[in-house]
Amino acid sequence: MFKLDTVKAHCDVPCGIYDTSAAQIAALSVIRMVDLINAAEKGDDEAAYLNNMARYIAVKEQEAVKCKEEIRIIWGDFIKPNHVEEHKDVHTITHNIMMLAGAAKQHTSRDKAMELLAEVNKFAEIFWAIKGVETKVVKAPYMPGEDVVNPVL
Amino acid sequence: MIRIFKVDGNSLYPYLKDGQTIICFKVFGFSKIAIGDFVVFSKKPYGLMIKRVEKIKDGLFFVQGTDPMSIDSRDFGFIQRTDIQYKKIGLH
């Protein structure tokens with residue numbers, strides 16, 4: 001008379017924690033390093049100048065790679081075909097991020113670094129829209145104080 | 001049309017427990033679906049799932065489990081009304 005079927009009420013392990021904030025912080029860090037590189041003055045202590053410059057460049061490299069890595073994981077593990085149907089530009093945005101993060105390693109252009117942050121913010125908007133979470137644009141409360149897309153929690 | 005399902009998993013605990021049997025109504029075009037309803041829907045690649053409706057926006061349904069680790073709309077986004085096949089009978 002009645003058919004007995006199973007309905008799944010499962011949980012994911014690990015718990016599927018994805019967040020774009022790490023990529024946004026990495027993009028902000030790239031901008032900050034570009035600012036520090038461009039503002040650095042040689043002065044009398046060349047060793048100190050070179051030491052600082054080497055550190056800024058190393059961090060810029062590291063943060064650009066981190067930005068790519070964070071986005072790549074969300075894109076590869078979280079974004080599903082139905083999300084792509086709803087957000088058709090997500091592949092292009094992801095590719096732009098890969099390219100711009102590469103450019104950020106090669107150059108010291110603030111404009112290029114800002115383009116990277118803008119694309120990461122676009123990615124964050126899509127990510128939170130998929131999660132059904134509203135977003136707002138806020139100024140990062142630390143240098144370089146640029147706009148970031150944050151979830152309204 | 002009425003159907004009985006067995007719940008597999010604890011993502012809706014304490015409302016629904018693993019192994020519990022529930023009675024559901026078939027959902028038709030005229031059926032009312034409200035926030036708080038437990039709905040049975042089909043979602044690839046997971047199959048037939050049950051979750052609670054948390055939000056309704058522009059005719060789309062945001063379904064969630066009570067467990068923070070639940071696989072639900074936080075992972076796959078809003079579902080369509082046409083995805084919903086059954087609704088649990090009874091108090092929530």
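I looked up which elements line the largest pocket of this predicted model. At least two lining residues each come from α2 (46-78), α3 (81-86) and α5 (110-130) of chain A, and from α1 (73-76) and β6 (79-80) of chain B. Helices (H or I, at least four residues) and strands (E, at least two) are DSSP runs, numbered from the N terminus. A pocket here is an open set of points on a 1 Å grid where a 1.4 Å probe fits, with protein on both sides within 12 Å along at least five of seven lines; lining residues have an atom within 4 Å of a point.

I noted that α3(A) gives the most to this lining, with 5 residues. The lining has 27 residues, and A:K80, A:N82, A:H83, B:K43 and B:F76 lie nearest the centre of the largest pocket. The space in this pocket is about 630 Å³.

Next I checked the second largest pocket, with a volume of about 260 Å³. I found 13 lining residues, of which A:A129, A:G132, A:V133, B:K57 and B:F78 lie nearest its centre. Two or more residues of this lining come from each of α5 of chain A and β4 (47-57) of chain B.

Last I looked at B:I89, in the segment after β7 (84-88) of chain B. B:I89 counts as partly exposed because its relative accessibility is 32%, where buried is under 20%, exposed is over 50% and partly exposed lies in between (1.4 Å probe, protein chains only).

For reference, residues are numbered from 1 along each chain as its sequence is written, and chains are lettered from A in the order in which they are written. Local features need pLDDT of at least 70, side-chain atom pairs count only at pLDDT 80 or more, and totals for linings use all residues, while side-chain values use heavy atoms, without hydrogens and water.

How values were computed. Points joined across faces, edges and corners; volume = space filled by probe spheres on them.
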